[in-house]
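Welcome! Please take a first look at the model below, and then we will walk through some of its details together.

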Amino acid sequence: MANAGVSERSSQTANFTCFSRGCATREKEEQFRGPDTIAEKLFPWPAKIILNIDPLRKLFIRKVMPPGIHEYVLARTKVMDAAFCAALDEKFDQIVLLGSGFDSRAVRFADRNRGTKIFDLDVPTTQQAKRDIFRQRNVLVPDEVVFTPIDFDSQYLEDVLRSAGFQFGRKTLFLWEGVTMYLSAQAVEDTLDFIRASAASGSRVVFDYIYASVLRQENQRFGEEGGYEMVSRVGETWCFGLEEGAVEVFLSERGFDCAAHYKPDDLERLYMTRADGSLYGRINGTHCIVQAVVE
């Protein structure tokens, strides 16, 4: 089930994520610069002012976003970008963006696409907001993209995708970015069941999740308290998490092989560490990213 707020307006956490991606493109050190050059095209004009004034941008990130979330979004964007490009390069038949928010990968990587169909799936409010802005800002959307609105409270994923032209039994990548934590456990189960049943062996799903301890508000991890408070404040409460060390068994029991698992310290090492070993920034300790393969 979707959080109630996003059925009435575009997702506020999707807006924050988009702004964070745009801010990351202004990082001075190239190694830590964000790759999403389309994100700022989706900003309202006041946000563009903040974006281009260095002290204001840094103040906004420090005051509005929980500690380490901006850094996490940068790392996650790069992980998801790599998975998206790999699927295009390997000529996957389909890519499904589950809860796409203000994702722009289909636009950013259009020149690498050789016929992969991309299903951009989200609640109507958020998706229509993105489509309207793309049109107003003259952002060209490739022909391969199929915008697929879904009401998670009243429609089945299988029915919606089938109507949109999704082909069952084909090699497919499912990108599930910043979504699982807002779903019920049953909704996560149902989505994984659909992926396993609908996609060819060797298909992939890449998603992030939060630790279950965050839902219990144990405040064990860097940036945990601020993150929980922020999403609750905008009415998009976290609902689902996994216990530490449980993801491999969780996936295996559902017919998936865990191909990669990025914990916060892994993301810091890969995406936040300079060549001399110094740390550019800390990653919020609540989130992990996993890539799984359909058996």
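Which residue takes a positive phi just after α7? Gly165 does, with a value of about 105 degrees.

## Before we start

This is a predicted model, in which local features need pLDDT of at least 70 and side-chain atom pairs count only at pLDDT 80 or more, while totals for chains, interfaces and linings use all residues. Residues are numbered from 1 along each chain as its sequence is written, and side-chain values use heavy atoms, leaving out hydrogens and water.

## Helix α7 and its cover

Let us begin with α7, which spans residues 157-164. Helices (H or I, at least four residues) and strands (E, at least two) are DSSP runs, numbered from the N terminus. Leu157, Val160 and Leu161 of this helix are buried; that word stands for under 20% relative accessible area, with exposed meaning over 50% and partly exposed in between (1.4 Å probe, protein chains only). The three cover an arc of only 90 degrees around the axis, so they sit on the same side of α7. That arc is taken from the directions from the helix axis to the C-beta atoms.

What lies over these buried residues? The cover includes the strands β1 (94-98), β2 (117-122) and β3 (145-149), together with helix α8 (185-198).

Most residues other than glycine have a negative phi. Lys91 is not a glycine, yet its phi is positive, at about 55 degrees. Look for Lys91 in the loop between α4 (69-89) and β1, where this lysine is exposed with a relative accessible area of 59%.

Asn219 also has a positive phi of about 55 degrees without being a glycine. Its place is the loop between α9 (212-215) and α10 (224-233), and Asn219 is partly exposed at a relative accessible area of 42%.

Trp45, Ile49, Ile53, Leu56 and Leu59 make a nonpolar surface patch of about 470 Å². Patches are made of residues with over 30% relative accessible area and no salt bridge, where like charges are joined within 9 Å and nonpolar side chains (Val, Leu, Ile, Met, Phe, Trp, Tyr) within 5 Å. The areas come from the Shrake-Rupley method with a 1.4 Å probe, and for residues only the protein chains shown count as cover.

Helices α2 (45-52) and α3 (54-64) each supply at least two of the patch residues. Ile53 belongs to the loop between those helices and is partly exposed, at 37% relative accessibility.

How many disulfides does the structure hold? The count is 0, where a disulfide is a pair of cysteine sulfur atoms within 2.5 Å. For Cys23, the nearest cysteine sulfur is that of Cys18, 9.7 Å away. Cys23 is buried, at 1% relative accessibility.

Cys239 is partly exposed, at 43% relative accessibility.

Arg21 lies in helix α1 (residues 12-24) and is buried, at 7% relative accessibility. Thr77 is 56 residues from Arg21 in sequence, but their C-alpha atoms are 7.8 Å apart in space. Setting aside neighbours within four places in sequence, the contacts of Arg21 (heavy atoms within 4.5 Å) include Asp36, Val73, Thr77, Phe102 and Glu177.

Arg21 is also part of a network of salt bridges that links Asp36, Arg76, Asp81, Asp103, Arg105, Arg108, Glu177 and Asp208 as well. A salt bridge is a side-chain nitrogen of Lys or Arg within 4 Å of a carboxyl oxygen of Asp or Glu. Arg76 and Glu177 form one, with their closest N and O atoms 3.3 Å apart. This pair links distant parts of the chain, 101 residues apart: Arg76 is in helix α4, and Glu177 is in the loop between β4 (172-176) and α8. Both residues, Arg76 and Glu177, are buried.

The whole structure has 27 salt bridges. One of them joins Asp266 and Lys263, at 3.4 Å from N to O. Asp266 is buried, with a relative accessible area of 14%, whereas Lys263 is partly exposed at 31%.

Arg282 and Glu268 form another salt bridge, at 3.8 Å from N to O. Arg282 is in the loop between α12 (264-271) and β7 (287-294), and Glu268 is in helix α12, 14 residues apart. Arg282 is partly exposed at 45% relative accessibility, while Glu268 is buried at 14%.
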